Each structure stands twice: as C-alpha cells, then as structure tokens.
Amino acid sequence: MLALVVDDSRAMRRIVSAIVGPLGFTPVEADNGASALAELERLTAEGTVPALACIDWNMPVMDGLQLVQAVRSDPRWRGVTLMMVTTESEHSQIVRALAAGAHEYLIKPFTADALADKLRYLGLVPAEVGA
C-alpha cells in the first residue's frame, strides 16, 4: 500500500514516513499540495493510487485544505483516505477539514502510537500490527 506524505518540512515527512513504513505502507513524499497532486497524477497513470494521504495544512503553493478539496473533487481518488496531520488545532479548522472530505485529523506534535491508532481506527492497519 502506498501512503502519500505531504508536508513542506522534510523532517516531518521523514518522521511520518518512518512511522507508516513499518505499518505496511510504502511512503511517497510531496512538499506541498501541488506536488502531491502531481504525484497522484503520476501514480494514477502508472495504475496505482495511494491508500492513504497524510496532509499538513500550512504549506506553500497549495495548502492542505486545498489539496483535500482537489482530491475529493476527482472521482479517481475517492478511495484515498485523507488524514490531516497539522498544527492547526482550532475546532473550526478541524470542522473545515472534515467537511472538505478529510477522514481523520491528527494534531502535531504527535506520537508514533497516536498515528498508528488513527490508522487502526480507519481500518488501514490491522490491530495486531505495530501494537
């Protein structure tokens, strides 16, 4: 399974990738929403679509909310589970992201266990993996 990890911080992309890798995902990284859409187009052209996208909110070029909206507007990517992984912690922001089509929301800083628990909740990781 592929996981698209979208964050303008290389360190954060590496942290998220290092967590999801042992949970069964092959991470593919993008540094903003526009490059994430380009990756989705490339992967789709190759015949594969990520099962998961972990998306930061605040990024240059195209932010995470715009990315969620773009992914949700394209029927080719309806099966991609979208999880915001962000410092945006206000209730109104969480509501906006979920209303736009994000499935789950994880606030930074987070632990590896918190991310794994979210993926288990979403049914993307079996309960016995990484427990």
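Val 61 is exposed in this predicted model, with a relative accessible area of 68% (exposed means over 50% and buried under 20%, with partly exposed in between, for a 1.4 Å probe and protein chains only). Val 61 sits in the loop between strand 3 and helix 3, and its phi is positive, about 70 degrees, although Val 61 is not a glycine. Helices (H or I, at least four residues) and strands (E, at least two) are DSSP runs numbered from the N terminus.

The loop between strand 3 (52-55) and helix 3 also holds Asp 56, which is buried, with a relative accessible area of 4%. An unreviewed UniProt entry lists Asp 56 for "modified residue: 4-aspartylphosphate"; such annotations may be inferred rather than shown by experiment. Leaving aside neighbours within four places in sequence, the contacts of Asp 56 include Asp 7, Asp 8, Thr 86 and Lys 108, where contact means heavy atoms within 4.5 Å. Lys 108 is in turn joined to Pro 109 by a cis peptide bond, with omega about -5 degrees. Pro 109 is placed in the loop between strand 5 (104-107) and helix 5 (112-121).

Turning to helix packing, helix 2 (residues 33-45) and helix 3 (residues 64-72) pack at an angle of about 25 degrees, their axes 9 Å apart. Axes are lines fitted to C-alpha atoms over the stretch in contact, and angles run from 0 to 180 degrees between N-to-C directions. Gly 33, Ala 36, Leu 37 and Leu 40 of helix 2 meet Leu 67, Ala 70 and Val 71 of helix 3.

Residues are numbered from 1 along each chain as its sequence is written. As the model is predicted, local features need pLDDT of at least 70 and side-chain atom pairs count only at pLDDT 80 or more, whereas totals for chains, interfaces and linings use all residues, and side-chain values use heavy atoms, leaving out hydrogens and water.
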